[in-house]
Amino acid sequence: MISVLVVDDSVVVRRLIVDALGGAENIEVVGTASNGLLAQAKIDQLKPDVITMDIEMPQMDGIAAVKELRKRHKQTPVIMFSTLSAAGASATLEALAAGATDYVTKPSNVGSVNESIAAVREELVPKIYALGGRRRPVGVSPGVPAAPSRPAAAPVRPARPSPAPPRAGLPPSGPGRPGVAPPGAAAAGPRPVKRAGAGGKVDIIAIGSSTGGPDALTKVLTAIPADLPVPIVITQHMPPVFTRMFAERLDRSTPLRVVEATDGMELMPGRAYIAPGDSHLVLHRRGTATLTQLSGAPPENSCRPAVDVMFRSVAGLYGSSAFAAVLTGMGQDGRGGAKVLRDAGAEVLAQDEATSVVWGMPGAVVGAGLADEILPLDRIAAFLVNRVKTGRSAAVAR
């Protein structure tokens with residue numbers, strides 16, 4: 001049974017979340033709190049497996065509450081409950097940077113209370129299953145992975161599979177968070193599938209991520225220099241507004257120029273292009289230029305933007321000169337695209353389980369035998385930079 005503490009200053013919203021979780025198997029709401037200050041005592045008392053946290057609250061808001069929580073409970077998953085607005089997106093990203101694990105958006109434009117409850121249940125329950133059953137010490141082998149649940153990448157609501165039961169996993173990665181293998185440590189586990197002939201010139205890096213992705217992408221992009229000689233395209237499961245705010249945040253905090261992709265942008269070296277919420281990111285050629293194109297095609301893997309769509313597009317244009325990375329995230333988005341990339345001769349890297357918030361997406365790639373490399377988060381940026389450098393040097397030498 002996964003125990004949940006609900007923290008929100010609104011009685012109506014607290015009741016909404018409690019009702020949404022009420023019918024979910026193996027989930028129990030063990031308590032509620034009306035602000036972050038009251039939540040601290042209840043967290044110590046109830047020791048919940050998962051906390052849902054509002055952002056704007058009196059006495060102690062959600063961001064301050066997360067910061068205070070992380071001083072004592074470094075691995076308890078916290079899911080922020082945010083509004084789908086610029087202010088809400090900015091505050092949510094700040095909360096994630098402070099140590100929150102994930103977020104859901106409050107229902108909007110729904111016709112009834114029952115529809116609101118259903119919307120919250122659809123988005124929140126899979127995340128509680130994925131995060132609440134995953135805390136275990138390093139070195140303890142996880143059980144057989146359950147079929148991963150799929151996150152809502154944007155406020156489109158296609159039919160989704162029933163949430164998977166909890167599976168074992170690991171706490172969020174990051175400084176000071178226990179349960180994560182130390183930097184550079186080798187962990188026993190799945191091995192990459194090396195192929196003869198890999199290691200040629202790299203002309204583009206494509207990255208896909210979901211749950212835990214904002215923190216992972218920040219760490220990776222911060223360690224990549226501005227003079228990277230190739231562009232980076234990114235699909236992170238996020239709704240509209242959030243992707244724009246996230247791109248702006250990365251642009252301010254990393255050496256690279258980071259933008260939310262719009263139609264017709266020419267890919268340039270040393271720049272990163274993030275797929276906007278509710279649109280797939282695909283690429284096309286005009287002469288010698290590679291341009292971005294946004295697609296409103298149906299969601300894939302219940303996601304729009306979807307990593308699979310971007311990966312297939314990259315494979316079609318770049319073939320063996322592409323390099324892909326699949327970072328932390330729920331579900332299996334990216335696995336199908338990784339196969340297309342590998343079939344085209346490209347290489348694929350997967351983040352390892354020990355440093356993934358949820359090892360759904362990278363685990364699916366590894367499980368399908370599609371990973372050329374499996375690396376901890378703190379080694380990915382350096383590997384990408386070196387891989388681009390060595391590949392281009394080899395091409396020049398030939």
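This report looks at salt bridges in a predicted model.

## Overview

Side chains of opposite charge can pair when their charged atoms come close. The structure holds 15 salt bridges.

## Between helices α2 and α3

Arginine 72 pairs with aspartate 44 in a salt bridge. Their closest N and O atoms are 3.3 Å apart. This pair links distant parts of the chain, 28 residues apart. Arginine 72 sits in helix α3 (residues 62-72), and aspartate 44 sits in helix α2 (residues 36-46).

Arginine 72 is partly exposed, at 35% relative accessibility. Aspartate 44 is also partly exposed, at 31%.

## Within helix α7

Arginine 244 forms a salt bridge with glutamate 248. Here the closest N and O atoms lie 3.5 Å apart. The two residues are four apart in helix α7 (residues 242-253), so about one helical turn separates them.

Arginine 244 has a relative accessible area of 34% and is partly exposed. Glutamate 248, at 35%, is partly exposed too.

## Between two loops

Arginine 304 and aspartate 278 form a salt bridge, with closest N and O atoms 2.8 Å apart. The pair links distant parts of the chain, 26 residues apart. Arginine 304 lies in the loop between β11 (289-295) and α8 (307-318). Aspartate 278 lies in the loop between β9 (271-274) and β10 (280-286).

Arginine 304 counts as buried because its relative accessibility is 12%, under the 20% cut-off. Aspartate 278 is partly exposed, at 26%.

Salt bridges with shared partners join Asp44, Glu68, Lys71 and Arg72 into one network.

How values were computed. Residues are numbered from 1 along each chain as its sequence is written. This is a predicted model: local features need pLDDT of at least 70, side-chain atom pairs count only at pLDDT 80 or more; totals for chains, interfaces and linings use all residues. Side-chain values use heavy atoms; hydrogens and water are left out. A salt bridge is a side-chain nitrogen of Lys or Arg within 4 Å of a carboxyl oxygen of Asp or Glu. Buried means under 20% relative accessible area, exposed over 50%, partly exposed in between (1.4 Å probe, protein chains only).
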